[in-house]
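Let us walk through this model one feature at a time. Keep the structure open and follow along.

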Amino acid sequence: MAYEKPSPTKREYLILRPEKLGWFHLLSLLIFRRNLTSYKFLETDSVGDGIPTDFITVLTLFIQKLLASISGPMKLAGIIVEFLLNFISLNGGILGLIKRIITVSVVIPKREDANFRTLIGQIDGRTNLYKSNALIQFYPFMEAFSDLSDLNVLDLTMMSSKIAYENAAFIKNVVNNVWKMHFVGFYSCWNKFLNDHTTQAFIFCNKESDADLIVLAFRGTEPFNANDWSTDVDLSWLFANKLGNIHLGFLKALGLQNEKSFLLGFPSNFNSTTDKPIAYYTIREQLTSLLKVHKNAKIVVTGHSLGGALAAIFPALLSYHNQSNILNALYGTFTYGQPRVGDEIFGAYVKAIIKAKSYRMVYRYDVVPRIPFDAPPIALFKHFGTCVYYKSWYKAEIMDEAPNPNYFDPLFVVSMYLNAWGDLLKALFIRWTQGKEYKEGTISILYRLLGLIIPGIASHSPRDYVNGGRLAKIAQKFMV
């Protein structure tokens with residue numbers, strides 16, 4: 001019998017708490033296939049006939065349990081790796097470091113400095129925008145802003161999503177001094193459920209006065225942050241009335257205040273403190289203020305990975321709270337390697353109510369757009385918006401869903417590994433085939449080696465999404 005989704009009146013929330021799950025529970029789930037509602041790690045307001053155990057849920061819980069167990073070592077590894085990479089690069093490489101040691105002039109990296117780069121920045125250190133609107137011939141659905149003739153929205157949003165991983169000083173320097181635009185602010189926002197400032201975003205305008213464009217970029221999944229990865233795969237959701245079911249972890253990142261009630265969790269107005277700003281309300285207030293100054297400006301919302309998820313949900317919250325001033329100025333959302341964020345109702349709501357453009361870019365077998373999984377009875381997440389899928393060597397196609405939607409389809413195993421080998425080999429020669437600006441360094445090549453072990457991990461790198469926008473040619477049959 002086909003699975004029938006419970007009506008919203010029967011179930012308002014479903015929360016999986018892997019911290020209450022023991023390894024023995026996982027084993028018993030696989031062997032005895034007990035009803036999930038008989039375990040304390042699952043919370044829901046009304047269970048009806050219960051929720052049967054399924055492989056996807058068990059797999060997700062295993063991943064979350066594993067991530068929780070290595071969270072501390074991952075964080076420590078990230079601190080060490082990024083310090084060493086910056087220590088070497090800021091001192092001019094290995095030979096430069098030896099010289100500086102001899103001359104007692106060693107530079108000690110500081111995470112808050114404008115020259116400090118995260119692993120993402122070490123993999124791809126490019127900060128310059130692509131000075132050509134030639135991309136438009138490959139992306140006929142994209143149009144240039146009248147006052148941005150030498151830029152393309154696709155490149156600008158991807159580069160914004162990429163530098164969103166860096167610290168405030170780095171971002172401000174790139175926006176003001178490299179892009180020659182106007183940095184507005186960097187926001188490190190509070191997540192009450194994680195008791196930490198875990199959501200970061202920044203805003204800039206193309207000009208300081210009479211701006212045509214306002215860009216909001218959310219930071220994505222940090223490579224060494226186990227909580228971020230656990231949030232990406234989480235199957236928990238909250239019923240948001242006419243918006244349908246929305247991923248609970250992403251709502252928390254935007255500032256949800258009650259995990260079991262959307263009405264209480266996201267009231268129309270909320271006064272957050274300066275030391276604990278709430279992402280949705282803080283950013284909404286800033287955009288409202290900017291539109292009063294830049295009356296003709298259009299807004300673009302973007303993000304990579306988890307940042308893409310927040311970018312996809314943000315306009316829906318604005319619509320729910322009738323923020324027509326911001327929505328009327330919204331040009332579109334452009335996300336890269338974005339995970340699924342809601343069910344079919346949510347996707348239909350966004351499509352029907354929000355008239356702005358919605359594009360999500362997926363590079364080959366990138367694992368993140370294929371999570372959280374889409375498989376009943378718990379995993380009911382669906383993508384929405386126009387999918388620009390980069391296949392082969394940056395060849396783009398327009399489709400509703402990327403191939404191998406749940407990642408673990410055995411029919412795609414060979415193809416995934418062949419793609420990983422192909423990306424590695426092409427990366428070794430790209431400086432000669434495409435130009436010096438595409439040259440990949442040692443860190444990038446080493447990162448691609450991960451794809452030979454877990455295909456789809458290396459494909460999540462922002463580097464490929466930047467290259468996708470700059471190099472891709474859209475398939476002829478999709479030209480309009």
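Helices (H or I, at least four residues) and strands (E, at least two) are DSSP runs, numbered from the N terminus. The expected span of a helix is 1.5 Å times one less than its number of residues. This is a predicted model: local features need pLDDT of at least 70, side-chain atom pairs count only at pLDDT 80 or more, and totals for chains, interfaces and linings use all residues. Residues are numbered from 1 along each chain as its sequence is written, and side-chain values use heavy atoms, with hydrogens and water left out.

Start at helix H12, residues 306-320. It has 15 residues and reaches 21 Å from its first C-alpha to its last, close to the 21 Å expected at 1.5 Å a residue. Is this helix enclosed or open, and why? Buried means under 20% relative accessible area, exposed over 50%, and partly exposed in between (1.4 Å probe, protein chains only). In H12, 15 of the 15 residues are buried, so the helix is largely enclosed by the rest of the structure. Just after H12, Asn322 takes a positive phi of about 55 degrees.

Now turn to the charged pairs. A salt bridge is a side-chain nitrogen of Lys or Arg within 4 Å of a carboxyl oxygen of Asp or Glu. The structure holds 18 of them. One joins Glu43 and Lys260 (3.2 Å, N to O). This pair links distant parts of the chain: Glu43 sits in strand E2 (residues 42-44), and Lys260 in the loop between helices H9 (248-254) and H10 (262-265), 217 residues apart. Glu43 is buried at 17% relative accessible area, while Lys260 is partly exposed at 36%.

Arg463 and Asp124 form another salt bridge (3.7 Å, N to O). Arg463 lies in helix H17 (residues 462-471) and Asp124 in the loop between helices H5 (119-123) and H6 (153-163), 339 residues apart. Both Arg463 and Asp124 are buried.

Asp212 also meets Lys207 in a salt bridge (3.4 Å, N to O). Asp212 is partly exposed at 21%, and so is Lys207 at 29%. Elsewhere, salt bridges that share partners join Arg17, Lys20, Glu43, Lys252, Glu259 and Lys260 into one network.
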